[in-house]
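Colleague: Please take a close look at one part of this model, the sheet and the helices around it. I would like a connected account that I can follow on screen.

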Amino acid sequence: MDLQNARVLVTGATGGLGRPTVARLAAAGARLALTARDEARLAELAGSLGNEPPLVVPADLTLPDQPQAVVDAAVEHLGALDVVVHLAGASGFASVGTEDDDALDELLLIDYLAPVRLLRAALPALRETKGTALVVTAVLAEGPVAGMAAYGAAKAALSSYVGAAAKELRRSGVRVVDARPPHTETGLADRPLTGTAPKLPHGKHPDDVAARLVQALVDDEREVPSTAF
């Protein structure tokens with residue numbers, strides 16, 4: 001895949017993994033639409049890019065209408081959509097049976113329902129261009145981890161959905177990629193929705209993970225398991 005002039009929507013663009021991914025996509029010549037919750041951080045990120053100014057769309061993807069609104073804005077601005085890169089996510093930690101109801105709901109909204117709604121909203125545009133959706137789930141989707149039951153379950157649900165979508169949409173020419181990076185030093189574990197992260201080994205550098213994600217796009221890969229990082 002040639003990213004020069006590719007029309008790309010990136011969610012979670014201002015996050016620890018979003019920023020280096022956006023920078024690499026911009027350096028490759030992609031035309032970008034960026035979304036995240038914080039308008040000021042989006043504007044700052046957009047100003048740091050040297051090529052064509054990206055579209056910035058502040059949005060809360062947990063609201064049911066926002067994924068469609070973001071996709072509509074990206075398609076209107078870019079003219080079409082070749083790639084969606086979903087990086088938005090949240091973490092949460094709790095022992096089984098102690099999970100807070102609000103945190104459970106929010107984990108499912110952010111880590112499962114929001115990306116499913118985003119993919120659903122983007123499908124018509126991706127079908128037109130025979131485009132690609134790259135969805136970052138997590139290494140947690142590959143196996144359960146004590147203290148992360150709810151968090152891991154949300155990621156596993158998303159990974160299962162993305163895997164099924166990849167099979168269903170392949171005939172229509174749409175590539176759906178499940179990328180499951182190992183623990184990465186994005187700071188996400190330090191800002192959980194609930195609980196405190198257990199002691200974790202030193203994670204991957206975000207720029208290295210971003211480089212691997214962009215490589216997966218260019219090389220037309222269909223899955224990027226944790227062992228590929």
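**The sheet and its helices**

Modeller: Four bridges connect strand β2, residues 31-36, to β3, and the two strands run parallel. This is a predicted model. At the end of that pairing, A36 stands opposite P58 in β3. The two strands belong to an open sheet of seven strands with parallel pairing, in the order β3-β2-β1-β4-β5-β6-β7. Its edge strands are β3 (55-58) and β7 (223-224), each of which pairs on one side only.

Helix α1, residues 18-27, lies across β1 (7-11) and β2, and runs at about 165° to β2. Helix α2, residues 39-47, lies across β2 and β3; its angle to β3 is about 165°.

A further helix to look at is α6, residues 206-218. With 13 residues at 1.5 Å a residue, α6 should span 18 Å, and its end C-alpha atoms are 18 Å apart, so the two values agree. The buried residues in α6 are P206, V209, A210, R212, L213, V214, A216 and L217. An α-helix has 3.6 residues a turn, so residues three or four places apart point the same way. Within α6, V209, L213 and A216 are among the buried ones. Just after α6, D220 takes a positive phi of about 60°. The strand β7 (223-224) is one of the edge strands.

Technical notes: Residues are numbered from 1 along each chain as its sequence is written. This is a predicted model: local features need pLDDT of at least 70, side-chain atom pairs count only at pLDDT 80 or more; totals for chains, interfaces and linings use all residues. Side-chain values use heavy atoms; hydrogens and water are left out. Two strands pair if DSSP finds at least two bridges between them. Contact means heavy atoms within 4.5 Å. Axes are lines fitted to C-alpha atoms, for helices over the stretch in contact, and angles run from 0 to 180 degrees between N-to-C directions. The expected span of a helix is 1.5 Å times one less than its number of residues. Buried means under 20% relative accessible area, exposed over 50%, partly exposed in between (1.4 Å probe, protein chains only).
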